[in-house]
Amino acid sequence: MSTLATQVISTERLDLLPLHVEHAEEMAAVLADPALHTFIGGAPDTPQALRSRYQRMTAGSPDPAVSWLNWVILLRETSCLTGTVQATVGFSGRDRIAEIAWVVGTPWQGRGIATEAARGLVDWLSRQAVHIVIAHIHPEHRASAAVATAAGLAPTDAWHEGEIRWFRSIGASRCSA
């Protein structure tokens, strides 16, 4: 039951780069729009707060059976960061399960970046022997629902903290939604 490590994931237009503390300054600007917090709550982080958060995230999970995997999304044509994707990977019995999430800064929304990044992430996870992918999406967040659908996830009847659980089996899983 080894843990996973981030590596560069390339798609048609994007490079998903392993998160580093040094990304905090640029990412604070990318994530500065308070509207990004409509469905997830909170407020944009300052560069200093994001740096502290990234230090904790890159240090890894305190549970050796869980992998915290975080990437920034680089749009190659402009060489700028546009958002993040993440996966928390652990086990349920013998099944490797990933809970994923994504966020794309407001100026880059509507260009298919989140969809391309989420698909790239799910494809990469499938090559890491992940059996199940889960996302939790606010029921009114249509854009995230569209991203999840494009990445092959489907909504379930399960709820978690006010969000709908989305599910995709990508391997020889013995679990169900």
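Q: Which residue of β8 stands opposite histidine 136?
A: This is a predicted model, in which local features need pLDDT of at least 70, side-chain atom pairs count only at pLDDT 80 or more, and totals for chains, interfaces and linings use all residues. Residues are numbered from 1 along each chain as its sequence is written, and side-chain values use heavy atoms, without hydrogens and water. Strands β6 and β8 (residues 163–169) run antiparallel and are joined by 6 bridges. In β8, the residue opposite histidine 136 is arginine 165.

Q: Which residue takes a positive phi in the hairpin of β7 and β8?
A: Strand β7 (residues 154–160) pairs with β8 in the antiparallel sense over 4 bridges, where pairing takes at least two DSSP bridges. Histidine 160 stands opposite glutamate 163 in β8. The hairpin has 2 residues between its strands, and the one with a positive phi, near 50°, is glutamate 161.

Q: Which are the edge strands of the open sheet?
A: Here a strand is a DSSP run (E) of at least two residues, numbered from the N terminus. The open sheet has 8 strands with mixed pairing, in the order β1-β2-β3-β4-β5-β6-β8-β7. An edge strand pairs on one side only, and those here are β1 (9–10) and β7.

Q: How many residues does β5 give to the lining of the largest pocket?
A: A pocket is an open set of points on a 1 Å grid over the protein atoms alone, where a 1.4 Å probe fits and protein lies on both sides within 12 Å along at least five of seven lines; lining residues have an atom within 4 Å of a point. The element that gives the most is β5, with 6 residues.

Q: How many charged residues does the lining of the second largest pocket have?
A: The second largest pocket has a volume of about 190 Å³. Its lining has 14 residues, and Thr6, Met57, Thr58, Trp68 and Leu69 lie nearest the centre, while β3 supplies the largest share, 4 residues. Nonpolar means Ala, Val, Leu, Ile, Met, Phe, Trp, Tyr, Cys and Pro, charged means Asp, Glu, Lys and Arg, and the others, Gly among them, are polar. The lining has 8 nonpolar and 6 polar residues, and the number of charged ones is none.

Q: How many residues of α3 are buried?
A: Helix α3 reaches 20 Å from its first C-alpha to its last, close to the 20 Å expected at 1.5 Å a residue. Buried means under 20% relative accessible area with a 1.4 Å probe, protein chains only. Among the buried residues of α3 are Ile113, Glu116, Leu121 and Leu125. Of its 14 residues, the buried ones number 11.

Q: What is the relative accessible area of aspartate 95?
A: Aspartate 95 is found in strand β5. From alanine 129 it is 34 residues away in sequence and 8.8 Å away in space, C-alpha to C-alpha. Aspartate 95 counts as buried because its relative accessible area is 2%.

Conventions:
Grid points are joined across faces, edges and corners, and a volume is the space filled by probe spheres set on the points. The expected span of a helix is 1.5 Å times one less than its number of residues. Buried means under 20% relative accessible area, exposed over 50%, partly exposed in between (1.4 Å probe, protein chains only).
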